[in-house]
Amino acid sequence: MRRFIESKMRKRLRLAFLMLALLFAALVVKLFQVQIIRNPELTEKAMENWDRELPFAGVRGEILDRSGRKIIGNKVAPTLYFMPSQNRDIPAAAAALAPLIGADKSRLEEQMSKRASIIKLAPEGKNIPYDTAIQIGRLGIPGLYTGVDYVRDYPYGNMLSRLVGFTGYDNQGLAGIEYEYEKVLTGKGEKIRMFTDARGNPLPHVGDGWIRGKAGANIELTIDLRIQEIVERELSQAMLKYDADQALAIVMDPGTGEILALASAPNFDPSDYASVDPSIYNRNLPVWMTFEPGSTFKIITLASALEEGVVNLKEDSFFDPGHVTVGGARLRCWKREGHGPQTFLEVVENSCNPGFIELGRRVGPDKLTEYIRNFGFGSTTGSGIAGEASGILFSKEAYGPVEHATTSFGQGISVTPIQQAQAVAAAVNGGRLMQPYIVKRIVDPETGKEIERSEPVVKRQVISEEASGKVREALESVVANGSGRNAFTDGLRVGGKTGTAQKVEEGRYKDGDYIVSFIGFAPADDPDILVYVAVDGPENEVQFGGVISAPMVGRIISDIAPLRGIEPRDGQMEREYRWGDPVQIRVPDLTGRSRDELVKMFHTIRIEWNGPPEGQVIRQLPAPGTMMEESGIIHLYAGPAD
Amino acid sequence: MHALEKRLVAVFFISAVALSLLGVAFVHSAGSYWGEIHYGDSLPFAAKQGIYLAVSATAAVFILKTRQIGNPKLWTAVYIASVLLLAAVLIPGIGAVRNGSQSWIALGPFSLQPAEFAKIAVIGKLASMMSERRGRKVFSPGHFVVILLPAALIMLQPDFGSMMIMVVSAFAILLVGGYPLKFFFGLAGAGAAGIAGLIAAAPYRLDRIKAYLDPWSDPLGTGFQAIQSLMATGPAGLTGFGYGQSRQKFLYLPEPQNDFIFAIIAEETGFIGAVAVIALFFLLAASAIGLAARQREPLSFYMISGMAAMLGFQSFLNIGVVSGLLPVTGVTLPFISYGGSSLLAAWIAAALVLRFASGAGMAKRRPGDGQSYRH
């Protein structure tokens, strides 16, 4: 019997082949869809599935002073992470860990049992002390990892806190420089990408990925920490001594606009900001506060009058009866009985209100307004400090003769301390309005490369060099002979001006509540530093700038001078003696003298002898050539005679 | 034998050998970690697979030498033996349960999966029956008895995948044997209705379908394997991560050396490698079909067609599951997946194709007369 394959069967076989080809083509199409088209989506999902990353916090940039001294740094405060899949006895692990980090055992166990590949044990396990981390490491709990993390470190405690601000729970900047420069300071965290199997077991033969981060950039401020320390010391002493509400100070390089110190009192603890009133940490007083400047503003009127050439300080004279009537309003001098006949230099020395009204009148209302705006009032300085206010000037419509007159001696307007510092710096530095600035440069800590550098910015020439020279001379005279006498510092040629302003509350002057200020600079022949101090609401003493603020500025300048390399110089205006002033004498050079010699030489000065009686003086305090009160003591230190 | 036939034989053989070697290589890559974790002390999977390959080769040589391979009585005996084994596997104490199915018979250190061999037995028995039919009438209830008895036994394990492969290969023989097309359309309609009925009867099957359409609807349950498979193939892209560089094999994808080994191949060699492996399977099945078409003896024709259908459909089913084209069904990838039964069955099928292509179908009636059919 013959068998054969029918042609129908071969056709069927072809049909079968066609079906097979179609099925296999479908496979290829499906794989193309999965592997090529859905590749990005599935890659992302797979990465999530594989993700076993142990994050290391990014190092936040440091904040340094102008010479690289650390104001704010970082300290290691590790954070704990837990991978549940690597631990077979989570209750035991939680029980061991809980007391060390002060967590509730059952709550911690619940947290550690979460179905996740990696769990951050916050809040108790976040930013734990380094020693605790070491202790926990010794427990050897499987699946527990210590991630490097940081918190801010404040080597100077509360210092500068209102300027630099603070960081929050996740080390993010919340106030001050920390907030403003958040982007610059923030570091990108490093990560260890651990390669594990599905159960979380590490695979030792597969290389773990190290994902590099980037440390945040360091910010170098123009602040000089040594000067800041001096200034903050003065402010806190003043706060105590006068029971003041608050106080502030600015130290600036008038030639460049660099801010060397910027202080507010009271300060706060940046590591405990949560317990601080936001009105403290949100208000950086030297830029935030606006108040009536009082007499310090007279420097602007003076500078304008000198630039306009409408007064000769030494030749022109003025009679002050104690008041002047302008536009029907009677404006009084601070001295009720008046200063009587004076030269205009004496007007400046005495801070005589009617005299300054006259100077303002001579300049003219429009011109004076123009000068005031040119000196930078009415707008923010562009210092780049967070929370800066712009102050309030009279609007054009409201600016009548009375307003013109009060503006001339610093009343009726509202300015910020930094605006005053900026303006006075221009008045004494040769007339150039310098933009104040706080950030010197931004540096990449890894490469040391400069990312950004601030250069002094001249905004405009407000008055001439010549007029500026006259302002300096007049202001030196104020300190030597006038209302600023308490700021006098021998040999440093301090110039300056007092200011006392009544505080305004709800549009009315508040009785008995003053802001007393002093703005000074030195040396008057070539100003290197400008110091502004204001004390708000001093209670215990006579409330005049000349009494409270001027000595503070004097002490600050004398302490700063050696740091800035300011040598005592010749040619100063000698201080005029007034009744009641302690008599000042120049200290003689006593080195090399024996005790017997001295007994014969001096009758009026008290001497304290230290060392062997037969010896001779090798050191003395105060130093020869300095000034001291006549009633003071010269301390002598003797060594053996030659 | 025509030169073309020789070439087809060569293509078929080389494809089978290449797939087997790829199998050993990828069983090594995919299974090392899994094996180390789960069976740390025993021989690595790849070494065992090598042994299985040697055993399979021996079996293949034995088949190529067997003279009585075309004897219908032999196939009846083989068929009865497999049905008995399929029945035996269901008896507690003989059959072992793995992954929820009672599919294994333990023989000392080895275990045997009767369904793998039942597929071949059914194809052989059916091919033998079809070749012996007389007259023009094709349809015979006996065919269905032969198919449905082992199919029912396999579904009792249950092993849906093996059942599908067996039924599809058997119906492929009926198709090429000239069963009316209406019958197949009817079958398709009945199948659809049956599936609808099964879903209506047990709503959990709907979840399976949902998981198939969107595995992420139940990522840790029904969708788990599909997702883990997609996470291997998807990220690989065009060129893959390189041999040995799979990530999913680290316990993410369960038993990566078995049913889902193609996912690891796709992960390590990318779309290009995956398509290359598909091409090898296509060459294997297509060359077998080519050989079938050139047979003059009905037995050889049916036998080769059946084996081609089995190898082709099984590889399609496996890769379809791995790529997400089909719902998850546990089927091994012939020649490649780890496992003695699977590899041995694949090589028995391959050896039968080679044996019948060289004229075994005549052996029974005209011993030594194969020459007259060669040209």
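Figure 1. Where pLDDT is low, the predicted coordinates should not be read in detail. Chain B as a whole averages a pLDDT of 88, and 95% of its residues score at least 70. Among the elements of this chain, helix 8 of chain B (residues 204-213) has the lowest mean pLDDT, 78, whereas helix 10 of chain B has the highest, 96. The model scores ipTM 0.93 and pTM 0.63.

**Figure 2. The contact between chain A and chain B.** This contact takes 35 residues from chain A and 44 residues from chain B. On the side of chain B that touches chain A, at least two residues each come from helix 6 (160-176), helix 9 (224-236), helix 10 (261-293) and helix 11 (298-323) of chain B. Helix 10 of chain B gives the most to this side, with 12 residues. Sorted by class, the side of chain B that touches chain A has 28 nonpolar, 13 polar and three charged residues.

Figure 3. An unreviewed UniProt entry lists residues 76-97, 138-156, 162-179, 184-206, 260-289, 301-323 and 335-357 of chain B under "transmembrane region". Two of these segments may be followed in the model. Over residues 162-179 of chain B the chain is 83% helix and 0% strand, with the end C-alpha atoms 23 Å apart. Over residues 260-289 of chain B the chain is 97% helix and 0% strand, and here the end C-alpha atoms are 27 Å apart.

**Figure 4. Nonpolar cores of the model.** The largest nonpolar core has 123 residues, and those with the most contacts inside it are A:A249, A:V251, A:V471, A:V531 and A:I557. Because domain 2 (53-219) and domain 3 (225-564) of chain A both give residues to this core, it lies between them. Leaving aside its neighbours within four places in sequence, A:V471 is in contact with A:I299, A:L302, A:A303, A:L306, A:A427 and A:V428. Apart from this core lies another, of 122 residues, among them A:L13, B:I120, B:I123 and B:V167. As for chain A overall, which has 20 helices and 28 strands, buried residues make up 45% of its 642 residues. Among contacts in chain A between residues at least 6 apart in sequence, 72% join residues at least 24 apart.

**Figure 5. Two cis peptide bonds.** Most residues other than glycine have a negative phi, and most peptide bonds are trans. A cis peptide bond, with omega about -5°, joins A:L621 and A:P622, and A:P622 lies in the loop between strand 26 (616-621) and strand 27 (627-629) of chain A. In chain B, the peptide bond from B:Q157 to B:P158 is also cis, with omega near -5°, and B:P158 is found in the loop between helix 5 (141-156) and helix 6 of chain B.

**Figure 6. Two loop residues with positive phi.** A:S351, a residue other than glycine, has a positive phi near 55°, and its place is in the loop between helix 13 (344-350) and helix 14 (353-363) of chain A. A:S351 counts as buried because it has 28 C-beta neighbours inside 10 Å. B:E255, likewise a residue other than glycine, has a positive phi near 40° and sits in the loop between helix 9 and helix 10 of chain B. With 20 other C-beta atoms within 10 Å, B:E255 is buried, the cut-off being 20 or more.

Key
Residues numbered from 1 in each chain as written. Chains lettered and ligands numbered in written order. Predicted model: local features only at pLDDT ≥ 70, side-chain atom pairs only at ≥ 80, totals over all residues. Contact = placed C-beta atoms within 7 Å. Helix = DSSP H or I, 4+ residues; strand = E, 2+ residues; numbered from the N terminus. Nonpolar A, V, L, I, M, F, W, Y, C, P; charged D, E, K, R; others polar. UniProt positions renumbered as here; feature names shortened; annotations may be inferred. Buried ≥ 20, exposed ≤ 12 C-beta atoms within 10 Å, placed from the backbone. Core = buried A, V, L, I, M, F, W, Y, C linked by C-beta atoms within 7 Å. Domains from an automatic or database assignment. pLDDT = per-residue confidence, 0-100.
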